[in-house]
2 protein chains.
Amino acid sequence: MIAGVGATDFGEHPDRTGRDLFAEARSLALERSAVPPDEVAALYYGNFMGETAEGQSHQAPLMAEGLGSSGLEATRIENACASGGYAVAEGVRAIRSGAADVVLVGGMERMTTLGTEGTTASLARAADELYEISAGMTFPGAYGLLADAYLDRHDGTREDLAHVAVKNHANATTNPKAQYRREITVEDALEAPTVASPLGLYDACPITDGAGAAVLVSPEYADTAGLEPKAVVTGSGRGTDALPLQGRDDLTRTPAAEAAAETAYEQAGIGPGDVDFAEVHDCFTIAEVLALEALGLYEHGEAIDAARDGETTRDGSIPVNLSGGLKAKGHPVGATGVSQLVEATKLLAGTHPNADAVPEASTAVTHNAGGTVATAAVHVLEAVDVEEVGA
Amino acid sequence: MIAGVGATDFGEHPDRTGRDLFAEARSLALERSAVPPDEVAALYYGNFMGETAEGQSHQAPLMAEGLGSSGLEATRIENACASGGYAVAEGVRAIRSGAADVVLVGGMERMTTLGTEGTTASLARAADELYEISAGMTFPGAYGLLADAYLDRHDGTREDLAHVAVKNHANATTNPKAQYRREITVEDALEAPTVASPLGLYDACPITDGAGAAVLVSPEYADTAGLEPKAVVTGSGRGTDALPLQGRDDLTRTPAAEAAAETAYEQAGIGPGDVDFAEVHDCFTIAEVLALEALGLYEHGEAIDAARDGETTRDGSIPVNLSGGLKAKGHPVGATGVSQLVEATKLLAGTHPNADAVPEASTAVTHNAGGTVATAAVHVLEAVDVEEVGA
């Protein structure tokens with residue numbers, strides 16, 4: 001069960017260290033959960049580029065300071081942009097297995113101080129050094145290839161993709177945590193400079209500093225301690241694919257995310273049709289399209305139409321990235337997978353500024369991807385009936 | 001249960017990539033386990049300095065290539081020098097929780113191509129950037145402080161510490177995997193250049209390339225598949241301490257390792273008195289002394305005498321680091337915690353070249369530490385009676 005969540009504002013924090021950012025997110029999560037810090041038995045912490053951004057590896061014990069006892073387990077997980085989602089998944093397993101009653105999951109990234117070039121170089125390390133990085137491939141280029149393949153196969157256009165960015169910017173305008181709280185138009189997107197054809201500047205997420213955290217507890221602990229859980233994770237799936245694109249059979253699908261979704265749905269005992277809203281990994285606009293298809297929310301080749309037709313807007317049949325997504329909320333890499341949990345929890349609990357878009361929602365799905373979806377983590381969250389759980 | 005283990009030679013491998021090193025270890029472990037690669041459900045992989053050594057983050061999917069299906073979970077864990085031990089612990093949890101029947105745990109580090117200065121700088125990132133690294137602290141200095149504090153408190157000498165190095169070098173002479181297969185004398189150690197007072201060159205482990213892997217399976221899987229498990233992990237404990245030394249109450253003790261040992265012993269239902277031999281984290285000679293006390297094999301202040309008095313030699317009452325330890329076998333950071341499991345398994349199974357030192361051994365303990373023991377992982381391994389398990 002999710003006892004409490006917290007996050008920093010996403011954006012530029014040039015004057016704050018990583019430990020400072022994570023301390024804020026973790027304090028908020030602990031306070032809201034009403035769990036004393038010394039009851040935390042394990043920390044699973046996602047961080048991607050601490051080595052290059054802050055000269056700091058071994059961040060888990062740093063971020064765990066003041067928690068638990070000497071027997072606390074503090075683990076850093078690095079799975080590129082899926083670091084946070086994998087941290088959540090390990091935390092869920094620790095609770096489910098009975099190994100711990102209280103687990104803190106979290107993530108943090110400081111990126112903006114590296115600048116665009118430094119960040120792009122650091123991000124590239126999530127691709128294959130031997131076959132991709134050394135050939136000059138960076139992520140805009142890699143996702144450009146995915147976009148090319150998809151648009152070609154399914155007769156999509158750059159304009160179709162632009163609608164994803166327009167939608168996510170619109171959602172972010174009312175999320176005070178978001179980095180870009182301003183609307184853009186389809187024309188803005190189409191007129192923006194090309195980053196890696198067919199992707200333009202507004203097809204890409206920004207460079208962001210930020211942190212997120214969530215306190216997970218066992219139902220027994222929640223009951224005994226008299227907590228008020230905000231949501232419950234009923235499904236947790238992970239998947240893997242070949243790291244380099246050259247190892248893939250089909251660039252228009254993401255089997256790692258498909259497998260992760262299948263596991264998560266199976267555990268939750270639901271299907272894509274039961275999902276009320278989704279927070280997905282839109283590091284580029286094409287990534288949101290691929291995500292919705294991997295999650296089974298749309299058939300292959302059909303998600304490209306969803307944003308254009310308004311189906312995934314806040315008033316659509318299945319709102320996607322009500323937070324603003326990576327695109328407009330921001331993408332502090334190691335924090336993103338946890339931030340999705342934070343946002344989805346607040347939306348389900350009705351405490352999110354955009355919760356009015358999904359007043360009846362009971363089921364959400366989060367989708368977090370590493371690299372070109374070489375790793376993926378999918379979680380199903382359900383609204384919790386406190387009385388029922390407490391019984 | 002440990003179905004099979006494998007490791008590369010430890011030493012200098014300038015012409016081999018990290019993926020090449022890990023592939024060797026993983027292939028050996030899979031072959032010896034007789035488990036088909038596509039049955040692996042999860043990989044937990046320890047790596048510390050891939051970013052700086054090879055420009056490669058996101059190594060988990062790279063190392064998982066060819067394993068399992070799209071639903072495979074591939075997770076990189078970075079907890080400095082305890083990355084491998086924490087990877088083992090997560091793997092054990094995945095099996096115990098019933099989430100997976102077959103898990104590959106492994107670790108790899110390539111260090112020698114960075115040179116001494118580059119490696120020292122990369123290793124320093126495991127200390128606290130704000131309070132230690134920026135003040136010029138590196139690990140020889142940090143362990144020098146620990147040695148100073150311990151020798152002062154317990155009236156020990158540099159010569160006492162030298163016996164740890166002499167013993168571990170002696171053990172390594174008969175381990176073909178070891179980096180330094182030559183004996184040294186107490187005089188060699190005392191006459192060697194000072195690295196960080198009171199520690200000299202022979203108090204420190206070398207810079208090493210290498211990889212290790214182990215296949216963990218559930219008892220049910222082992223039974224159904226007709227495997228011949230080589231040993232069983234009966235205890236798995238972890239602990240955490242403040243990252244910087246300034247956050248510690250007492251520099252002569254390592255509470256993270258004490259807590260990890262307590263958990264591991266409790267799970268195994270044994271005590272320190274039941275341990276037949278140990279593989280411990282002797283990145284510096286003083287670290288072995290601290291480890292033996294944290295494991296409860298000696299009272300505080302008494303382990304300093306153990307090596308000097310020959311109690312921890314191959315013919316002593318409790319052989320320690322029969323592999324040669326980090327000191328002489330080598331210390332490819334991310335691989336070390338897994339390598340300890342590999343060595344202990346072979347010693348228990350009687351297939352290790354030094355197994356004749358412990359012919360009746362049924363219980364071993366491994367101790368892996370990160371930084372100045374800000375993180376620690378302790379595992380209890382027991383010899384397995386195949387007939388009994390198969391029943």
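1. A residue is called exposed when its relative accessible area is over 50%, and buried when that area is under 20%. These cut-offs are used below. The structure is a predicted model, and the points that follow should be read as comments on that model.

2. D155(B) is at 69% relative accessibility, so this residue counts as exposed. D155(B) sits in the loop between α6 (139-154) and α7 (158-172) of chain B. Its phi is near 55°, a positive value in a residue other than glycine. Most residues other than glycine have a negative phi.

3. N321(A) also deserves a look. Although not a glycine, N321(A) has a positive phi of about 55°. Its place is the loop between α12 (303-308) and α13 (325-329) of chain A. Is N321(A) buried or exposed? With 0% relative accessibility, N321(A) counts as buried.

4. The bond from S197(A) to P198(A) is cis, with omega near 5°, and P198(A) belongs to the loop between β5 (194-196) and β6 (199-200) of chain A. In chain B, a cis peptide bond joins S197(B) and P198(B), with omega about 5°. P198(B) is in the loop between β5 (194-196) and β6 (199-200) of that chain. Most peptide bonds are trans.

5. F22(A) lies in helix α1 (residues 18-33) and Y45(A) in strand β2 (residues 42-46) of chain A, so the pair ties together parts 23 residues apart in sequence. F22(A) counts as buried because its relative accessibility is 1%; Y45(A), at 0%, is buried too.

6. Rings also meet charges. The charged end of K329(A) sits over the ring of F10(A), 3.9 Å from the ring centre. In chain B, the charged end of K329(B) sits over the ring of F10(B), 3.9 Å from its centre.

7. The largest nonpolar core has 70 residues, and V103(A), L341(A), V103(B) and L341(B) touch the most other members. Leaving out residues up to four places away in sequence, V103(A) touches residues including Y44(A), I95(A) and L216(A). In soluble globular proteins, nonpolar side chains tend to be buried together.

8. Chains A and B bury about 4,000 Å² between them, 51% of it on carbon and sulfur atoms. In chain A, H58(A), R93(A) and T240(A) lose the most area to chain B, together 17% of what that side buries. The contact takes 55 residues from chain A and 55 residues from chain B.

Methods
Residues are numbered from 1 along each chain as its sequence is written. Chains are lettered from A and ligands numbered from 1 in the order in which they are written. This is a predicted model: local features need pLDDT of at least 70, side-chain atom pairs count only at pLDDT 80 or more; totals for chains, interfaces and linings use all residues. Side-chain values use heavy atoms; hydrogens and water are left out. A nonpolar core is a set of buried Ala, Val, Leu, Ile, Met, Phe, Trp, Tyr and Cys residues joined through side-chain atoms within 4.5 Å. Buried means under 20% relative accessible area, exposed over 50%, partly exposed in between (1.4 Å probe, protein chains only). Contact means heavy atoms within 4.5 Å. Helices (H or I, at least four residues) and strands (E, at least two) are DSSP runs, numbered from the N terminus. A charge sits over a ring if NZ of Lys or CZ of Arg is within 6 Å of the ring centre and within 35 degrees of the ring normal. Buried area is the accessible area (1.4 Å probe) that two parts lose on being put together, summed over both.
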